[in-house]
Amino acid sequence: MSKGQILNDKGDRLKLVQESWFERIWRLITPELIYFGICYLVDIVVGIYWGYSIMGDYITDDLTMDMEGFMAAMMELLMKYAMLLQSIAALAAIFFLVRMYFNDYKKRRFVFNKKSVKPPYWLLLIPAGVFASLAGNMLMNVSELAEMSESFQESEQLLFSGPFIIQIVGIGIIIPICEELIYRGLIYMRMRQYLNVNMAIVVSALIFGIVHGNIVQGIYAFLIGILFAYAYEKYGSLKAPVILHISANILSLILTVVNPSFDSRSILMGIGMVSVLLCLAVLFFIDKNVSAERIYFTS
């Protein structure tokens, strides 16, 4: 494929955009760099504040610093407020990402006719997200990957830290919006300038999986990332993957609170497979009834 080709859904060339490979890669990593940079900055600022606040408690009588106790206290604070800090960073990043998203939207060579999607069909995204999350959680427990992955357990401990209301607002709402802006609104749609829809869906989902940092979350994020990008294409709006993402995350939070325990692996497998079938049934109905018309500008 020549440099900068924009493809329609059939793979036909629409326009030649003068972008080097470096420019393409830079445009794909910029949204993530902004988000991770803000996360790092929030951690540094809050860490400095915490350090000055508790430093006096770890100065010994001979005016030396009990570094071991100090670092342990800092780690305890980090574990306790990890989700709150990530939510603050995600909220701050949203303001920058939204601006980037709308700047990209002005430069697109197509628009979606959103009126072609009837309002009742938006509600189908909620059960699709719920069933996808339930299937992932049940089948993950059957595979026992979670128990074998130490990095996943550490990540989960940080992810579900803090009061439940913070988890609902952070994991359930703020972070899904932030991640959908990054991985579907910006990265996926930028890939659609260079790749056909199927390749763009797979590659963007692969990136989404890799950034989660461990094999368990990576596999889950890759599979559900495909679902999110598919919904974006079908509905023609970023609201679609956002609704799916929020529904899936809130169901995961509910499962951590309810913490259903089943002694039989066959029960877990059964719930997981039924959830997969129900999710596929909802997606089949969406596929047959939902299709946002894509209007291309070829001039």
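User: How do the lining residues of the second largest pocket divide into nonpolar, polar and charged?

Analyst: 16 are nonpolar, two polar and no charged. Ala, Val, Leu, Ile, Met, Phe, Trp, Tyr, Cys and Pro count as nonpolar, Asp, Glu, Lys and Arg as charged, the others, Gly among them, as polar. The model is predicted: local features need pLDDT of at least 70, side-chain atom pairs 80 or more, while totals for chains, interfaces and linings use all residues. Numbering starts from 1 along each chain as its sequence is written, and side-chain values use heavy atoms, without hydrogens or water.

User: What volume does that pocket have?

Analyst: About 390 Å³. A pocket is an open set of points on a 1 Å grid over the protein atoms alone, with protein on both sides within 12 Å along at least five of seven lines; lining residues have an atom within 4 Å of a point. Volume is the space filled by 1.4 Å probe spheres set on the points.

User: Which residues are closest to its centre?

Analyst: Ala132, Ala135, Gly136, Tyr220 and Leu223, of 18 in the lining.

User: Which elements give two or more lining residues?

Analyst: α3 (125-143), α8 (215-235) and α10 (265-289). α3 gives the largest share, seven residues. Helices are DSSP H or I runs of at least four residues, numbered from the N terminus.

User: Switching to α8 and α9: at what angle do they pack?

Analyst: About 145 degrees, axes 7 Å apart; α9 is residues 239-258. Axes are fitted to C-alpha atoms over the stretch in contact, and angles run from 0 to 180 degrees between N-to-C directions.

User: Which residues of α8 make that contact?

Analyst: Tyr220, Ile224, Leu227, Phe228, Ala231, Tyr232 and Tyr235. Contact means heavy atoms within 4.5 Å.
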